[in-house]
Amino acid sequence: MSKGKVWLVGAGPGDASLITVKGLHCIRHAEVLVHDRLVNPELIACAPADCKIINVGKTPNHHPVPQEEINAILVKYAAEGKNVVRLKGGDPYVFGRGGEEAESLAENGLDFEVIPGISSSIGGLAYAGIPVTHRDHASSFHVVTGHMCQGNEPQNWNALAALNGTLVILMGMTRLAEISQLLIDGGKSPDTPAAVVMYASQQRQQVVTATLATLPEEAARHKLHPPALIVVGNVVNLHQILAFAATQIDITQEAPLEAAS
């Protein structure tokens, strides 16, 4: 039996229509589709009727399908000669553990291809009217995870606090109060603009802006929860000016933009 192939596909920040053309093409020709919890159901619905759908989604502190088992699933079906799509939120290589999955496939001599996706750290903030860089506000941006793998060294929050660029924190909502205090303790001004973006790029998106010191209280008051982005920096002040109403596009059919809104 000939070997199959695995496509590690980035699904984008949430809006189904933000997937790449190549990524959508792979979904429409998949024999096995292995997807994360936060992948838009509209994308899963684009798979062929006879495609085997496998949900390996994780929630904070609850991983019903361990990463080693996910790796084994990809290896199993590719070795059986199947076309496998591993559909991941955002970009496969931006805190998506896509590198680990690619390593496993390479170690087993299986073909794979990575199809990048729009990372929520950039695209999600754009939908909130927050550009990660701006000539007048930030000449760099830094993306970090708020949740470290057990056994790894913790983030150096003092070093991050000293950076002048935009700081984007993924997977940090459960530690929002702690992270805010660590940045302040590291020297970041308590008055630094900060925001949380929940359900970025989706119709139910919610954006709450505050200061670094008051953000945990404001996020709690608005009952914000994962999935959400944390952003710290002067670019947050642009939210009120640059926020926009996104056009909704049905990815199941071709339609003019003005007809799809």
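Author: Setting aside residues up to four places away in sequence, Lys88 touches Val9, Gly10, Ala11, Gly12, Asp36, Val39, Gly96, Arg97, Gly98 and Glu101, where contact means heavy atoms within 4.5 Å. The model is predicted, so local features need pLDDT of at least 70 and side-chain atom pairs count only at pLDDT 80 or more, while totals for chains, interfaces and linings use all residues. Residues are numbered from 1 along each chain as its sequence is written, and side-chain values use heavy atoms, with hydrogens and water left out.

Lys88 lies in strand S4, which covers residues 83–88. Helices (H or I, at least four residues) and strands (E, at least two) are DSSP runs, numbered from the N terminus. Lys88 counts as buried because its relative accessible area is 1%; buried means under 20%, exposed over 50%, and partly exposed in between, with a 1.4 Å probe and protein chains only.

Two partners of the Lys88 side chain can be named. One is the backbone oxygen of Gly96, which lies 2.7 Å from a polar atom of that side chain. The other is the side chain of Glu101, in polar contact with the side chain of Lys88 at 3.2 Å. A polar contact is a pair of N or O atoms within 3.5 Å; within protein, one must be able to donate a hydrogen and the other to accept it, and residues adjacent in sequence count only if both atoms are side-chain atoms.

Glu101 and Lys88 also form a salt bridge, with the closest N and O atoms 3.2 Å apart. Glu101 is in helix H4 (residues 98–107) and Lys88 in strand S4, so the pair links distant parts of the chain, 13 residues apart. The term salt bridge is used for a side-chain nitrogen of Lys or Arg within 4 Å of a carboxyl oxygen of Asp or Glu. Side chains of opposite charge can pair when their charged atoms come close. Both Glu101 and Lys88 are buried. They belong to a salt-bridge network that links Asp36, Arg86, Lys88 and Glu101.

Glu101 has a further polar partner in Gln67, the two side chains being 2.9 Å apart in a polar contact. Gln67 lies in helix H3 (residues 67–79) and is buried, with a relative accessible area of 4%. Apart from neighbours within four places in sequence, Gln67 is in contact with Lys58, Arg97, Glu100 and Glu101.

In the loop between S4 and H4 sits Phe95. Phe95 has a positive phi of about 55° although it is not a glycine. With a relative accessible area of 38%, Phe95 is partly exposed.

Now to the other salt bridges. The whole structure holds 9 of them. One joins the side chains of Lys5 and Glu113 at 2.9 Å, N to O. Here Lys5 belongs to strand S1 (residues 5–10) and Glu113 to strand S5 (residues 111–115), a link between distant parts of the chain, 108 residues apart. Lys5 is partly exposed, at 24% relative accessibility. Glu113 forms a salt bridge with Lys22 as well, the closest N and O atoms being 2.5 Å apart. Because Lys22 lies in helix H1 (residues 21–28) and Glu113 in strand S5, this pair ties together parts that are 91 residues apart in sequence. Lys22 has 46% relative accessibility and so counts as partly exposed.

To place this region in the whole protein: there is a domain 1 (4–117) and a domain 2 (119–236), with bounds from an automatic or database domain assignment. Their centres, taken over C-alpha atoms, are 27 Å apart. At the interface, 12 residues of domain 1 are in contact with 16 residues of domain 2.
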